[in-house]
Amino acid sequence: MPAAARSVRAMAAAAAVVAMLLSTAAVAVAAAQHDYGDALHKCILFFEGQRSGRLPPDQRLRWRRDSGLHDGAAAGVDLTGGYYDAGDNVKFGFPMAFSATLMSWGLIDFGRSFGPHREEARKAVRWATDYLMKATAKPNTVYVQVGDAFRDHACWERPEDMDTPRTVYKVDPSHPGSDVAAETAAALAAGSIVFRDADPAYSKRLLDRAVAVFEFADKYRGPYSSSLHAAVCPCYCDYSGYQDELLWGAAWLHKASRQREYREYIKRNEVVLGASDAINEFGWDNKHAGINVLISKEVLMGKDEYFQSFRVNADNFMCTLLPGISNHPQIQYSPGGLLFKVGSSNMQHVTQLSFLLLAYSNYLSHAGGRVSCGSSSASSVQLRRVAKRQVDYILGDNPLRMSYMVGYGARFPRRIHHRASSLPSVAAHPARIGCKAGAAYYASPAPNPNLLVGAVVGGPSDASDAFPDARAVFQQSEPTTYINAPLMGLLAYFSAHPNPAESGGD
């Protein structure tokens, strides 16, 4: 195809995506009636399927049973509880803490929008923060992983049956892990805000621990990927370095404590820790965009011009997410309108970046501000429209007309890459299913016998909008806690404000 023709075709495709994402007409069509409240309930319910430890009497996903009841015992510590990160049976502290931080952020910004689901959302946060309190009970130590990832991944067995080594890994002054420790501090600090009114005593314990853990993270600097490389890489290797987590942790401690020392820490370390680096990234590994959005609220609310540079970074980041606004978009959109980045588990980018769009739009609305994108600008409504379009795509407004949330809608993934969901429950098959005996279930074309209600899978991974619904294609069929965590806040908001032209938030 001649270059000119390619250029015209590319421009036409870009224009189509812009029209679909930003125009009022497209939004009106896409506002097909979704039950965001039902989706929110299911999104929260997913976390019960990820629970490790002794399950409470009010456990609703009854096909799950107790598991990991001796976690930590070999090291003389109690590390029971917490969440399995995805479709395996390892407890990875780094993504667990990040998931807890994002769940809390949703409750902090949109708490009233959760309505009748607010208490169950708090319980989901507390299951994580209770575990993180255990993992940080020893001063200057953070237990960051339970389970040998390589041995675990070599098996396909239920968490109730697992017999792979429950090896315990930690960071301490001799083996630093500023990244995972600072993220843990962020999770505890954010959790302290969530429970400030509901349980003041617990809130104080969380904040006190967050202060101590952050001090450890900052004093003994180094990436946990170096200290524990053989254990944490490649699953959750911190490729972006620990500097972003130190700023992220300080930002959450500043928000939770209102102590001037954290404000000064952020400003003093803004350049040293690279606040303006990789500002277009956000996820369990890289917190830069989240830092800028979180801190920008201070500027937009007129509370702190001291942080104006973070607001500039946040604006620049938002511009990259808006097709037709930026000349250098960092994100691509599929023909069906799905935001995607190269790599696996694309829905993590969809939910995390959409949450930042929504949070920032909320701050802009309250301040009467706009996003500055060079010679043009964007309104808070435009940001919300893009975020809502992504949520609607997940729930079924896509070329395949299927929901990517298990149990929501008439058509959804049936063969997700998840051990507990794909193997018979203990009630249905009381006898133990060993490490290799589960292979037959893994290879089966049959749908999973247990519905992991609310699980959102990795979804389409490129511009084709295609999805195979195949257990073996883990890049697209595996759910994770950090896909669902930011989605909670999104669904809560749109359940209360289905029209993007409305503004709301706490």
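In this predicted model, Trp248 and Trp252 stand 4 residues apart in helix 11 (residues 243–257), so about one helical turn separates them. Trp248 is buried, at 0% relative accessibility, and Trp252 is likewise buried, at 0%. A pair of aromatic rings is described by the distance of the centres and the angle of the planes. For Trp248 and Trp252, the ring centres are 6.0 Å apart and the planes meet at 85°; because an angle over 60 degrees counts as edge-to-face, the pair falls into that class.

Across the whole structure, the search returns 26 aromatic pairs. Among them is the pair of Phe46 and Phe47, which is edge-to-face, with 5.2 Å from centre to centre and 70° between the planes. Phe46 is buried, its relative accessible area being 0%, and Phe47 is buried as well, at 1%.

The charged end of Arg51 is placed over the ring of Trp127, at 4.4 Å from the ring centre. Arg126 lies over the face of Tyr202, and here the distance to the ring centre is 3.6 Å.

Helix 6 (149–153), helix 15 (347–367) and helix 19 (474–477) each contribute at least two lining residues, with helix 15 giving the most, 3 residues. Sorted by class, the lining of this largest pocket comprises 11 nonpolar, 12 polar and 7 charged residues.

The second largest pocket has a volume of about 410 Å³. It is lined by 16 residues, of which Ile108, Ile193, Val194, Arg196 and Lys255 are nearest its centre. At least two lining residues come from each of helix 4 (93–110), helix 5 (118–135), helix 7 (178–194) and helix 13 (288–300). Helix 4 gives the most to this lining, with 3 residues. By class, the lining of the second largest pocket holds 6 nonpolar and 10 charged residues, and no polar ones.

Key. Residues are numbered from 1 along each chain as its sequence is written. This is a predicted model: local features need pLDDT of at least 70, side-chain atom pairs count only at pLDDT 80 or more; totals for chains, interfaces and linings use all residues. Side-chain values use heavy atoms; hydrogens and water are left out. Ala, Val, Leu, Ile, Met, Phe, Trp, Tyr, Cys and Pro count as nonpolar, Asp, Glu, Lys and Arg as charged, and the others, Gly among them, as polar. On a 1 Å grid over the protein atoms alone, a cavity is a set of points where a 1.4 Å probe fits but cannot get out, and a pocket is an open set with protein on both sides within 12 Å along at least five of seven lines; lining residues have an atom within 4 Å of a point. Grid points are joined across faces, edges and corners, and a volume is the space filled by probe spheres set on the points. Rings of Phe, Tyr and Trp (its six-membered ring) pair if their centres lie within 6.5 Å; planes under 30 degrees apart count as stacked, over 60 as edge-to-face and the rest as tilted. Buried means under 20% relative accessible area, exposed over 50%, partly exposed in between (1.4 Å probe, protein chains only). A charge sits over a ring if NZ of Lys or CZ of Arg is within 6 Å of the ring centre and within 35 degrees of the ring normal.
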